[in-house]
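Have the sequence and the 3D view open side by side.

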Amino acid sequence: MLLLRDTTTTRELADAVRDHTALVRDSHAGHPDHASLGRKFTATLRAAAGSGLYEDTLGPALVAKAAGTEPERAIGDLLTELPFLPKKALSEGGHRAFTRGLSEFLHYYESSGTTGNPVAAPKALDDLVANTINIGELWARILSPADRALILINAPFAPAAYQFEKVLEYLQVLSLRPWVDNITGDYTRVLRLTRELGVNVFVGPPSRLLEMIQFAYRNDEPVPAFEKLFLMAEQTGPAFVRHLERLTGARAYVAAYGSSETGTTAVTCEHRNLHLQTQSYVLELDDASGTRRVDGRPDRGELVVTTLDILARPLLRYRTGDLVEITGTDCPCGVATPLLRTLGRSQDLITLEGNGIRQNDFESAIWAGEENGDTGHIRHTDDAAGQAGKAGAGDEGSRVPVPRPGTTHVLNYMLVIRDRTILCLATTTGEADAAWTEATTRRIAGLFPGYELALRPVEKLPPLASLGQYLGWKLSRVLDLNDDRNWDRLPAPIRGVVETTLAEYASTTQS
């Protein structure tokens, strides 16, 4: 997986790969090694005690108690004695979480800074190995060396693109990792390479995929006919998944869930269920009723994460701010770890007159017209369409859709709120005439009682709409001009994009 000059480190790496792979497979089989997990938990406490982030909250007495506790009992006996780590505390003191010198890391990364200052998230050799195996052992149930993957993640300071490149190397899958300028949004080269190399797998955020498809429509290019979509980095509900499947003819997976800070806490299987990586994390849920360990039973709340394989920058009871649900059901794939569904972040709720509107509420309505199977004027190349039609025979969502001439659907969207008016800017797959616009407006207007809804088809959305992986749904898709606090929530480079957007669309909000 990694070619290292130092032979001692290479031998140690081989041992670590063997041991962690065995731990992963035992967890998948429903036989977790509790003693090993307890030893990792104790090692994490010991490492954290040596970092500046915990110098005031993690005393030597607790570390000594951990050393004297049987490994099988360590997590159960000691977890609740640990303090919570709020997102703000990590954001303000990210470098203080390090337990090793900077030269002992392999790569330096930072989080996007969506909900605070960017957090340092460098990769060390040991946590890179563990995270790669965690993802790779489940993705191996879907991918093979015959696949060819496009990694399209425009996040140079975040570890995701590099991490997924390592996973594809682990699986011996060819990958390419191009870059697309966020402002010009020119996908000409990406589309050409996708066709010429026969790329059949997309890896990246759904907003980036939509941006590429929108570019293909606008420039009369064939829409890429992928076989598999590995989506991540954004909240992607059922309506969004179905929409992307219809546009590409692919089978879509919400492929992984996690963050730059924590690593990947859940990974998809072939049945499109997210499996928690319980061999690498102690996971809790928190809500008004209290905090409890994730034990596989149905539950929901804010996810709280304690890392077990990131000794170079350990996190103890880190409050992610993400709302999740544990389904409490078994997966047909046979992997025995608990299943997770993401519910988004609390700040991704649009509150209007006391009514809360979530992303999937709106997307279910805006794309409801597609449920009859029509996808509009999709133009696949013959070779790509043929390849996609062969993939995943019998799997729902794996067939290339048959275009029906004259149909029109929303391709992508953005909401602009000002006073009592909500403007929905939308790109479409076909010509949006007055009758279509009126019918689509009626379909979504019920979500916004007391507000005047206007739907306006546009040729191109502002660049902000492609930045969901950085900002989350609400900040990238909803411009609430009635709330001045939104300006303070935008990172400086993105604020400039918003200012440009407002200048371009200010007149439309008055119509």
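Which residue in S11 does Val-282 stand opposite? Thr-306 is the one. Keep in mind that this is a predicted model.

Let's start with strand S11, which covers residues 299–307. Seven of its nine residues are buried, so this strand is mostly covered, with buried taken as under 20% relative accessible area.

On one pairing, S11 runs antiparallel to strand S9 (residues 281–287), and six bridges join the two. The Val-282 and Thr-306 pair mentioned above is where to look for S11. S11 also pairs with strand S12 (residues 318–326), again antiparallel and again through six bridges. To find that pairing on screen, pick Val-305: its bridge partner in S12 is Tyr-318.

## A negative patch on the surface

Now to the surface, where Asp-26, Asp-33, Glu-70 and Glu-72 gather in a patch of negative charge. One of these, Asp-33, is in the loop between helix H1 (7–28) and helix H2 (34–49).

## Another loop aspartate

Asp-433 is also a loop residue, found between strand S17 (421–428) and helix H13 (434–445). With a relative accessibility of 41%, Asp-433 counts as partly exposed.

How far apart in space are Asp-433 and Thr-408, C-alpha to C-alpha? The distance is 9.0 Å, while in sequence the two are 25 residues apart.

Definitions and conventions. Residues numbered from 1 in each chain as written. Predicted model: local features only at pLDDT ≥ 70, side-chain atom pairs only at ≥ 80, totals over all residues. Heavy atoms only, no water. Buried < 20%, exposed > 50% of the residue type's maximum accessible area, 1.4 Å probe, protein only. Helix = DSSP H or I, 4+ residues; strand = E, 2+ residues; numbered from the N terminus. Pairing = 2+ DSSP bridges. Patch = residues over 30% accessible without salt bridge, like charges linked within 9 Å, V, L, I, M, F, W, Y side chains within 5 Å. Areas by Shrake-Rupley, 256 points an atom, 1.4 Å probe, with all protein chains shown as cover. Salt bridge = Lys/Arg side-chain N within 4 Å of Asp/Glu carboxyl O. Lys, Arg positive; Asp, Glu negative; His and termini not counted. Charge placed at Lys NZ, Arg CZ, Asp CG, Glu CD.
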